[in-house]
Amino acid sequence: MRAAIVEAPGKVVVTTVPDPTPGPRDVVVAVASCGLCGTDLHILQGEFAPTLPIVPGHEFAGEVVGTGKDVTELAVGDLVAVDPSLHCHECRYCRSGRGNLCDRWAAIGVTVPGGAAQYAVAPVANCVKLPGHIDVKDAALIEPLSCAVRGYDVLSGTLGADVLIYGSGTMGLMMLELAKRTGAASVDILDVNPDRLATAGLLGCSRTAASADELDRPHGWDVVVDATGNAKAIQDGLGLVAKGGTFLQFGVADYATTAVIEPYRIYNQEITITGSMAVLHSYERAAALFATGVLDPSVFISDRLPLEEYPQAIERFGAGRGRKIVVEP
């Protein structure tokens, strides 16, 4: 089969590799589409993935074309979206229901071969069967949506909150869509990319701007979400949380990124600073939301490229062009 492989930091190629073989409780998925995200950029830079080479791709969906001998839940021909999370179920975090913090954290497309290929193997337990009305080529959006659902789990949304989101890429826009559905009174979005801001306006945010200085809210925002991982945006956002408000670090920053906090202000104004890590008990809910049409794939997916153009796709994504970019084997 053909697959994209990150061979070394900064080097990705598309080549022929052996077809995957399922274990007793695995299925083989013929990948219909595989999304690119910030994690893939980190892997390309030599971060996250414990060893290289690796076939990336943790956002994917497709058709079951093979099953292990002990699989009864799915059959060949079923359409599925795949939760990439691989938890050990043994460490103290897994045993306390916090598998996304697993001491042996692993994921399809990060620590084991993923969906940037014609075929991928996944445990049957990680597969969500899709209803017939969903186009499986759009279902790569379910994994990032499940991360956004986890983000709102962490926020424990308050009705009538004023929300500020940094970044109107795929994740920022998904956070916008969920904010609208969790009772936000207003949702403002900041981005330096005017094309992305235009998409945020199309989706119905309250206001868009390149800088918070352009927005009139002297008391700050009840909820501030960083969906960029950018140090300047994070630092700016920390200063704009209203009294009693919450700052959510949602974007994936580089390991070396730092920000300065003001402990007295955090104490005196009862500000919460928290984070949201990947997927946790949210994939099935994201799939259910996706099936109801919570996202418009024609808006969220800006580019569909063949698998053979994976190097160009990741370069385009890294340059900040487009929104969600998917490759289709």
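Two strands pair if DSSP finds at least two bridges between them. The views below show a predicted model.

**View 1. Strand β5 pairs with strand β9.** β5 and β9 (residues 127–129) run antiparallel. Three bridges join the two strands, which means they meet the cut-off of at least two.

View 2. Find G62, then look to β5 for its bridge partner, V80.

**View 3. The second largest pocket is lined by 18 residues.** The volume of this pocket is about 360 Å³. D83, S85, H87, H89 and N126 are the lining residues closest to its centre. Strand β6 (85–86) gives the lining at least two residues. Helix α8 (283–291) also gives at least two.

**View 4. The largest cavity has a volume of about 90 Å³.** How many cavities of 30 Å³ or more are counted? The count is one. Residues lining the largest cavity include Y152, L155, G157, T158, A161 and V163. A179, T182, G183, A184 and V223 also belong to the lining. Seven of the lining residues are nonpolar and four are polar.

Notes. Residues are numbered from 1 along each chain as its sequence is written. This is a predicted model: local features need pLDDT of at least 70, side-chain atom pairs count only at pLDDT 80 or more; totals for chains, interfaces and linings use all residues. Side-chain values use heavy atoms; hydrogens and water are left out. On a 1 Å grid over the protein atoms alone, a cavity is a set of points where a 1.4 Å probe fits but cannot get out, and a pocket is an open set with protein on both sides within 12 Å along at least five of seven lines; lining residues have an atom within 4 Å of a point. Grid points are joined across faces, edges and corners, and a volume is the space filled by probe spheres set on the points. Ala, Val, Leu, Ile, Met, Phe, Trp, Tyr, Cys and Pro count as nonpolar, Asp, Glu, Lys and Arg as charged, and the others, Gly among them, as polar. Helices (H or I, at least four residues) and strands (E, at least two) are DSSP runs, numbered from the N terminus.
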